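Hello,

Here is the structure for you to look over. My notes follow below it.

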Amino acid sequence: RMSDWLGILWLVILLAVNAFFVAAEFAVISARRPQIEPRAEAGSRAAKTALWAMEHATTMLAVCQLGITVCSLLILLVSEPSIHHLLAGALAPLGWPTELVDGLSFAVTLVLVSFLHVVFGEMVPKNFAFTLPDRAVLLLATPLVAIATVVRPITYALNGIANGVIRLFGVTPKSEANSVYTLDQVATIVEQSTREGLLEDRTGALEAAFEFTTKKVEDVAVPLRALVTLPEDASPADLEAAVAKRGYS
């Protein structure tokens with residue numbers, strides 16, 4: 001029947017819409033302001049919209065969660081009847097009992113739809129957003145904000161309820177995705193980047209900089225009696241000799 005193939009078409013459409021919301025969700029929380037702000041300052045409308053979405057992250061996540069939930073519920077609803085009828089037609093020549101065909105149809109639908117949903121509706125878009133967060137947020141923020149405008153009353157209510165529950169635990173909700181790092185987080189980033197070969201710190205200057213930030217002037221001050229000095233008329237050769245002898249730069 002044409003309606004069966006129409007159900008399969010709706011399955012594909014719903015998987016694509018679900019993938020959009022998943023990718024948008026991870027893009028909003030993964031993208032970094034320093035990568036987006038220069039584009040916005042240069043006049044990019046997409047970048048300005050992306051910044052707005054990142055500044056209203058909780059609202060955007062509410063929209064994504066609403067979209068994912070609705071798609072997930074509809075996917076099985078539209079796919080089960082279509083796959084059931086197609087499978088029943090294929091198994092009809094075998095003369096199997098209707099109960100067996102119904103049970104087999106549901107099992108096949110559940111396994112097939114779960115596989116498609118997890119792989120193409122969840123993992124693929126999630127990995128895309130994690131791998132290219134800046135590109136993803138520039139691409140997806142505009143339609144996401146447009147959808148958020150349409151469903152604003154619903155997400156406003158849901159977000160308000162969620163924030164109320166969070167406050168019951170003594171936690172203040174945040175609307176903007178974290179775009180700054182602590183000193184320890186920056187040190188960890190440098191360490192991982194160096195280990196992966198993306199950053200070179202041959203002299204150890206970067207690592208020493210993080211250690212240096214914990215010191216006070218008295219920790220690094222050199223007493224006058226310990227200073228190595230040269231006369232004002234010292235030549236470059238004298239300076240090179242002093243460096244070679246004393247080991248100071």
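pLDDT is the predictor's confidence in each residue, on a scale from 0 to 100. You need it here, as this is a predicted model. The chain averages a pLDDT of 84, and 92% of the residues score at least 70. Of the elements of the chain, helix 6 has the highest mean pLDDT, 93. Helix 9 (residues 205–212) has the lowest, 67. Where pLDDT is low, the predicted coordinates should not be read in detail.

Now helix 6 and its partners. Two packed helices are described by the angle between their axes and the distance between the axes.

Take helix 3 (residues 45–55) to begin with. Helix 3 packs on helix 6 at an angle of about 70°, and their axes are 8 Å apart. Angles of 65 to 115 degrees count as roughly perpendicular, so helix 3 and helix 6 are roughly perpendicular to each other. On the helix 3 side, the contact uses Ala46, Ala47, Thr49, Ala50, Trp52 and Ala53. Helix 6 answers with Val137, Leu138, Ala141, Thr142 and Val145. By class, that contact has nine nonpolar residues, two polar and no charged.

Next, helix 4 (residues 57–91). Its angle to helix 6 is about 85°, with the axes 10 Å apart. Helix 4 and helix 6 are therefore roughly perpendicular to each other as well. Met60, Val63 and Cys64 of helix 4 meet Leu144, Val145, Ile147 and Ala148 of helix 6. This contact has seven nonpolar residues, with no polar and no charged ones.

Then the largest pocket. How much space lies in it? About 220 Å³. Its lining includes Trp52, His56, Thr59, Val145 and Ala148. Thr149, Arg152, Thr155, Tyr156, Asn159 and Gly160 also line the pocket. Helix 6 (133–150) and helix 7 (152–168) each supply at least two lining residues. Helix 7 gives the most, with five. By class, the lining has four nonpolar, six polar and one charged residues.

Trp52 lines the largest pocket and is part of the contact of helix 3 with helix 6. Val145 also lines the pocket, and meets residues of helix 3 and helix 4.

Best wishes

Note on methods. Residues numbered from 1 in each chain as written. Predicted model: local features only at pLDDT ≥ 70, side-chain atom pairs only at ≥ 80, totals over all residues. Heavy atoms only, no water. 1 Å grid on protein atoms, 1.4 Å probe; cavity = no way out; pocket = protein on both sides within 12 Å on 5 of 7 lines; lining within 4 Å. Points joined across faces, edges and corners; volume = space filled by probe spheres on them. Helix = DSSP H or I, 4+ residues; strand = E, 2+ residues; numbered from the N terminus. Nonpolar A, V, L, I, M, F, W, Y, C, P; charged D, E, K, R; others polar. Axes fitted to C-alpha atoms, helices over the stretch in contact; angles between N-to-C directions. Parallel < 35°, antiparallel > 145°, perpendicular 65-115°, else oblique. Contact = heavy atoms within 4.5 Å.
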